[in-house]
Amino acid sequence: MTRRVSTRNASVQVWQAYLNNRTKRHRDGRFLVQGVRPITQALANDWPLETLLYRLGTPDLSSWARELLDTTDVPQVGLVPELMAELGEKSGTTPEVVAVAHARHPDLADYEPGEPGEDFPVVVVFDRPNSPGNLGTLIRSADAFGASGVIVTGHGADQFDPQAVRASTGSLFAVPVLRASGPAQVVEFRDRQVARGIPTRIVGTDEHAPSTIYDHDFTEATILVVGNETTGMSSAWSQACDDLVTIPMGGTASSLGAPSAGAIGLYEIARQRRTFAR
């Protein structure tokens, strides 16, 4: 089903609200997906899409956009260029296609990654992320290094914010992203995993930790905790962690950004597992 829109009608106003209004996204259970790779990944991972919005007029659509519109059964709406530009990435270019997607909110209480005796899953926790871009970047790293999922704790950034979706470059659609109120729920998740027969430790990254990240054994199941970008590891999280590790640094920087710390932690886990698997 295809229709064409040339005026800022009620539907267009709703789609525009999804760009900046978190409450509207949450209430409607919808968000926007911008960019070739995120849209491609959403389709590849069977993410539920409600509508594909595409640019009318000239210039002609690319072969990617044309094939996408010709081969999908997702309902389509054509928008005049000025309306499509308002739904774009603020880069000065008018997007060819923007997807309206349904939000997914998996429940941490039902989350059971790995199989006892077979898998040693890695889950990343990001505590109260300030920046949607940082959250999306960490989701991308989690996907790149084989993590089973990402848990966002506290009232942090929204993973369905367009900035987070773009920064994830589509990894949002491949890695489960769950929400938790704080350390207590993550500790309960750890205990459930242990009860399932998957020994799991909570490991926090903290610049004042007594041991370095490369001295810690990450070959078993791990919940890696990355602290808030501004305040770092909270005392509540320090108490909840089974172990704390630091990332040695040189130069004059006082600390690493949260996404960088998370990526280094995930890389070290992957490196150790490849080394010991040989």
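The model is a predicted one, where local features need pLDDT of at least 70, side-chain atom pairs count only at pLDDT 80 or more, and totals for chains, interfaces and linings use all residues. Residues are numbered from 1 along each chain as its sequence is written, and side-chain values use heavy atoms, with hydrogens and water left out.

**Aromatic pairs**

- F189 and Y111 are stacked, because their ring centres are 5.5 Å apart and their planes are at 20° (rings of Phe, Tyr and Trp, the last by its six-membered ring, pair if their centres lie within 6.5 Å; planes under 30 degrees apart count as stacked, over 60 as edge-to-face and the rest as tilted).
- Y111 sits in the loop between β5 (97-102) and β6, while F189 belongs to helix α8 (residues 183-195), so the pair ties together parts that are 78 residues apart in sequence. Helices (H or I, at least four residues) and strands (E, at least two) are DSSP runs, numbered from the N terminus.
- Y111 is buried too, at a relative accessible area of 11%.
- The count of aromatic pairs comes to seven.
- One aromatic cluster is formed by F31, W47, F160 and F173.

**The sheet and strand β6**

- Seven strands make an open sheet with parallel pairing, in the order β8-β7-β6-β11-β9-β12-β10 (two strands pair if DSSP finds at least two bridges between them).
- At the edges stand β8 (177-180) and β10 (211-212); each has a single partner strand, so one side of each lacks a neighbour in the sheet.
- Strand β6 (residues 122-127) is mostly covered, with six of its six residues buried.
- In a regular strand, side chains alternate between the two faces of the sheet. In β6, V122, V124 and F126 point one way and V123, V125 and D127 the other, and all are buried.
- β6 pairs with strand β11 (residues 221-226) in the parallel sense over five bridges, and V124 has L224 as its bridge partner there.
- β6 also runs parallel to strand β7 (residues 149-153), joined by five bridges. Here V124 stands opposite V150.
- Between β6 and β7 the chain passes through helix α6 (residues 132-144) in a right-handed β-α-β crossover (right-handed means that, with the strands pointing away from the viewer, the path from the first strand over the helix to the second runs clockwise).
- V125 has I151 as its bridge partner in β7.

**Salt bridges**

- Twelve salt bridges are counted (a side-chain nitrogen of Lys or Arg within 4 Å of a carboxyl oxygen of Asp or Glu).
- R25 and D158 meet through their side chains at 2.9 Å, N to O. R25 is in helix α2 (residues 22-28) and D158 in the loop between β7 and α7, so this pair ties together parts that are 133 residues apart in sequence.
- R25, D158 and D161 are linked in a network of salt bridges.
- R66 and D70 form a salt bridge at 3.7 Å, N to O. They are four residues apart in helix α4 (residues 63-71), so about one helical turn separates them. R66 is partly exposed at 37%, and D70 is exposed at 55%.
- E268 and R271 form a salt bridge at 2.7 Å, N to O. They are three residues apart in helix α10, again about one helical turn. E268 is buried at 7%, whereas R271 is partly exposed at 30%.

**Loops and surface**

- M249, L256 and I264 form a nonpolar surface patch with about 220 Å² of accessible area together. Patch residues have over 30% relative accessible area and no salt bridge; like charges are joined within 9 Å and nonpolar side chains (Val, Leu, Ile, Met, Phe, Trp, Tyr) within 5 Å. Areas come from the Shrake-Rupley method with a 1.4 Å probe; for residues, only the protein chains shown count as cover.
- L256 lies in the loop between β12 (243-246) and α10 (258-277) and is partly exposed at 35%.
- I247 is found in the loop between β12 and α10, but I247 is buried at 15%.
- D46, in the loop between α3 (36-44) and β3 (49-55), has a positive phi of about 55° although it is not a glycine. D46 is exposed at 63%.
- T169, in the loop between α7 (162-167) and β8, is a residue other than glycine with a positive phi near 45°.

How values were computed:
Buried means under 20% relative accessible area, exposed over 50%, partly exposed in between (1.4 Å probe, protein chains only).
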